[in-house]
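Hi,

Here is the model I promised to pass on. Have a look at it first, and my notes on what turned up follow below.

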Amino acid sequence: MKSYREELWFETKTRRAYLNITAHVEAAVKKSGIQEGLALVNAMHITASVYINDDEAGLLIDYDDFLEGLVPQGGAYRHNETGEDNGDAHIKRQLMGREVIVAVTNGKLDFGPWEQIFYGEFDGRRKKRVLIKVIGE
Amino acid sequence: MKSYREELWFETKTRRAYLNITAHVEAAVKKSGIQEGLALVNAMHITASVYINDDEAGLLIDYDDFLEGLVPQGGAYRHNETGEDNGDAHIKRQLMGREVIVAVTNGKLDFGPWEQIFYGEFDGRRKKRVLIKVIGE
Amino acid sequence: MKSYREELWFETKTRRAYLNITAHVEAAVKKSGIQEGLALVNAMHITASVYINDDEAGLLIDYDDFLEGLVPQGGAYRHNETGEDNGDAHIKRQLMGREVIVAVTNGKLDFGPWEQIFYGEFDGRRKKRVLIKVIGE
């Protein structure tokens, strides 16, 4: 069994942002040399998500509107009594998920026609990491 | 290390549907010959989910009512300005999840007493796929 | 390839509870002897979650307030017509997720600075299980 590990670093200019990171993950799978296996891609921070969906500009706004409507940044959060201001971001991240697992087949991400991997940032403007771990043969 | 890959195809008659696919996944694990490992089951489309929960008719209605109440099909979505009409389905799928990972132990899905694998369709009436990838030994 | 399996048992005193189980998972990874691989941690019951986020008391209240506000225990659920009273718990669990996959690197959980693994119970006061399955080398 082989394994491969890589970190991606991001610093978004806005508090919330949605970045297509598919090409980074594809490159990591290629570097791993793994032909058949599983690729884990997860946010290493607890106010960010990794998720899979469509890369369509309107949809990214829909996600943001939905999350901000349901869990507004300016809402009342007990977490913020610690001096933090990101209570909303911890909840948004749970709704969008921490991680994805993608099958690796013939050395490539085994994707349906529109699947793209996104980094969803809910408390940005500082350096944060995504972990890629590939195992297989 | 062994690996096994299989696709399942579905075409639901209704826009939204919840199908118990556990027997298909069990059969795939058996065909794989893998005794100890992990089975990934994921929607290959971005308006559908694979999730694990109870196969109880009332609960399926509860899920549908909850999702449609929170993210109504007839709502205003920027994504729909592209000519699509499935903005709601992209959000519903995020809430229910894209994939599950199930442990394989002694050649079987290592499940608690009521766990069943479901395909959740939020924009059906056309052919769509689920991927099963099993790795292990 | 090696694999390792362990069950954790919990019986919470309250209907809903959020337990930090990171030390249990770390101990399981150590017992597995696996240096490089993936650790799956999943609820084996369908009214409970395993998720990763911060161990901060205010945040646990925020999660609980959010879930109970959106999916109240006393709401009307078709599932409860079966004689159950946990329709809400099946929906809460979907929002928080069933499972996490954590990379294992150099024999340890490969975590960002604040990642902690939680068991989220939404229908407790009885014995329920979490499965840990580690594969790798």
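Let me start with one residue: E6(A) is buried, with a relative accessible area of 15%. Keep in mind throughout that this is a predicted model.

What does E6(A) pair with? Its side chain meets that of K31(A) in a salt bridge, at 3.0 Å from N to O. The two come from distant parts of the chain: E6(A) sits in strand β1 (residues 2–10) of chain A and K31(A) in helix α1 of chain A, 25 residues apart. Is K31(A) buried or exposed? K31(A) is exposed, with a relative accessible area of 53%, whereas E6(A) is buried.

In α1 of chain A (residues 22–32), the buried residues are T22(A), V25(A), A28(A), V29(A) and S32(A). Looking down the axis of α1(A), you find these buried residues within an arc of 125°, so they line one face of the helix. As a reminder, an α-helix has 3.6 residues a turn, so residues three or four places apart point the same way. The face of α1(A) turned away from the buried side carries the exposed residues A23(A), K30(A) and K31(A). Just after α1(A) comes G33(A), with a positive phi of about 70°.

Now for the other salt bridges. Over all chains, a search of the whole structure finds 51 of them.

On to how the chains go together. Chain B can be laid on chain A by a turn of 120° and a shift of 0.0 Å along the axis, with an RMSD of 0.0 Å. The two copies are thus related as by a three-fold rotation axis. For chain C on chain A, the turn is 120°, the shift along the axis 0.0 Å and the RMSD 0.0 Å.

Between chain B and chain A, the contact takes 28 residues from chain B and 34 from chain A. Together they bury about 2,500 Å², 62% of it on carbon and sulfur atoms. M1(B), I46(B) and Q94(B) supply 23% of the area that chain B buries against chain A, more than any other three residues.

There are three salt bridges between chain B and chain A. K133(B) forms one with E36(A), the closest N and O atoms being 2.5 Å apart. The count of residue pairs in polar contact is 16. On the side of chain B that touches chain A, β1, β3 (37–43), α3, β5 (99–105) and β8 (128–136) of chain B each supply at least two residues. The largest share, five residues, comes from α3(B).

Cheers

Terms used. Residues numbered from 1 in each chain as written. Chains lettered and ligands numbered in written order. Predicted model: local features only at pLDDT ≥ 70, side-chain atom pairs only at ≥ 80, totals over all residues. Heavy atoms only, no water. Buried < 20%, exposed > 50% of the residue type's maximum accessible area, 1.4 Å probe, protein only. Helix = DSSP H or I, 4+ residues; strand = E, 2+ residues; numbered from the N terminus. Arc of directions from axis to C-beta. Salt bridge = Lys/Arg side-chain N within 4 Å of Asp/Glu carboxyl O. Least-squares fit on C-alpha atoms with pLDDT ≥ 70 in both. Contact = heavy atoms within 4.5 Å. Buried area = accessible area lost by both parts, 1.4 Å probe. Polar contact = N/O pair within 3.5 Å; in protein donor to acceptor, adjacent residues only side chain to side chain.
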